[in-house]
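This report describes the fold, the nonpolar cores and some local backbone features of one protein model. Please read it with the sequence and the structure in view.

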Amino acid sequence: MSNNNIAVKVDHVSKYFKLPTESTHSLRTAMVNRFRGIKGYKEQHVLRDIHFDVEKGDFFGIVGRNGSGKSTLLKIISQIYVPEKGTVTVNGKLVSFIELGVGFNPELTGRENVYMNGAMLGFTTEEVDAMYDDIVEFAELKEFMNQKLKNYSSGMQVRLAFSVAIKAEGDILILDEVLAVGDEAFQRKCNDYFLERKNSGKTTILVTHDMAAVKKYCNKAVLIEDGLVKAIGDPDDVANQYSFDNAAQAVVSEKEAEEIEIEVDQLKVKLLSQGNAEVGSEIIFEISYNVIKDISTYIAFSMTDIDRNIWIYNDNSFDQMTSGKGVKKLIYKTVIPYVNNLKMKLQVSVRDSEDRMVAFADSSNSPIIMLNRTDINQSDKSERMSSSGLIRRQGTWEIVND
């Protein structure tokens, strides 16, 4: 792949911090400890040989538990930290939004803060002039821009800070845990903006704990665990791995987690009906998996509209809970009416009686189903008639063996 197509290259990056282990105010003691090989600090390795590329136009997700190293990685990409090993190469103007309102001065007006923040992000006065109206309009603060920031409510300050970041005309936007800013109306506006940005060809790097956001906005993602890359690629796979790991951690201690046993393996999803079918025809698929431990399990699945990234149909009922070890094989049949020109991905997971996800099908094990109507005029076939919400569950399970 040409380097011209890479927006951010993280090349074998490692980072550690020195944590003091003892305190001494004596130069003599410090020198004696030094000759004895006692450093007086320990190294906390936060990142260990992290390597990935973010291509131009990617909406790239970085996920991981607290303490995994993802925020440190973001600060290295933003050139706040310097890595001990490896390099980060950024091709283009980068706008980093790691903490809301950093650099804002409460004694300055909203307008003055916009220009000051723009300068801190590397923009000239002329460039901020060109962006100013869009920033104010998005923040919905036109009448307040000549007031001092200290007179703003917390919600107004959040809207202004967020608007400066996302409306700054940078090539690469970095966001750290800021999807839930503002009130409900402002969040809807932000959602529309992210969907627009996703399709605009601009590069975005998002750090979040919200797996729904990863699946909705991102086209690629990486999971960081203990400073290492654990999973990278398809955002559904990465998000599912994160949820799976969290479910496992929730029921065991940290020590036990290192020795946790796999409870379910060999999950396979097979489409038995046609992948490209007419609306009204039966959709049939087979799911099989092997239960290693003596637990009760059931299947939860969804059919997700690939183009709009919304659930069209799902079934996560406990109707077909099976118990005990061994291979489980089930067949599901259903019909999805009232749609046209619909392309869906079948996404399957296995859960236990406590609703923990114990296995999930990755993207290579998630069949694609396309539905089209043939009883309408050729000129109308491009019309989308699927609902904007979830179709009521109306399928049946058949247990092939238990």
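## Overall architecture

Of the 402 residues of the protein chain, 44% count as buried, where buried means under 20% relative accessible area, exposed means over 50% and partly exposed lies in between (1.4 Å probe, protein chains only). The model is predicted: local features need pLDDT of at least 70 and side-chain atom pairs count only at pLDDT 80 or more, whereas totals for chains, interfaces and linings use all residues. Residues are numbered from 1 along each chain as its sequence is written, and side-chain values use heavy atoms, with hydrogens and water left out.

The protein chain contains nine helices and 20 strands; helices (H or I, at least four residues) and strands (E, at least two) are DSSP runs, numbered from the N terminus. Among contacts in the protein chain with a separation of 6 or more, 73% join residues 24 or more positions apart; a contact means heavy atoms within 4.5 Å.

## Nonpolar cores

A nonpolar core is a set of buried Ala, Val, Leu, Ile, Met, Phe, Trp, Tyr and Cys residues joined through side-chain atoms within 4.5 Å. The largest such core has 46 residues, of which V114, M145, L160, F162, L175 and F194 touch the most other members. Leaving aside residues up to four places away in sequence, L175 is in contact with L74, F97, F162, I166, F194, T204, I205, L206 and V207. A second, separate core comprises 31 residues, including I295, I312, L342 and A359.

Strand β2 (residues 41–55) contains I50, which counts as buried because its relative accessibility is 0%. Beyond residues up to four places away in sequence, I50 touches V10, D11, H12, V13, L73, I224, G227, L228 and V229. I50 and G227 are 177 residues apart along the chain, yet their C-alpha atoms are separated by 7.6 Å.

## Helix packing

In helix α3 (residues 110–120), the buried residues are G110, N113, V114, Y115, N117 and G118. These buried residues pack against α4 and α5 (154–167). Just after α3, G122 adopts a positive phi of about 100°.

Two packed helices are described by the angle between their axes and the distance between the axes. Helix α4 (residues 125–139) packs with helix α6 (residues 184–198) at an angle of about 135°, their axes being 11 Å apart. Axes are lines fitted to C-alpha atoms, for helices over the stretch in contact, and angles run from 0 to 180 degrees between N-to-C directions. The α4 helix is therefore oblique to α6, given that angles under 35 degrees count as roughly parallel, over 145 as roughly antiparallel, 65 to 115 as roughly perpendicular and the rest as oblique. The contact involves E137, F138 and A139 of α4 together with F186, K189, C190 and Y193 of α6.

## Cysteines and backbone

C190 is buried, with a relative accessible area of 1%, and C218 also counts as buried, at 4% relative accessibility. A search of the whole structure finds zero disulfides, a disulfide being a pair of cysteine sulfur atoms within 2.5 Å.

Most residues other than glycine have a negative phi.
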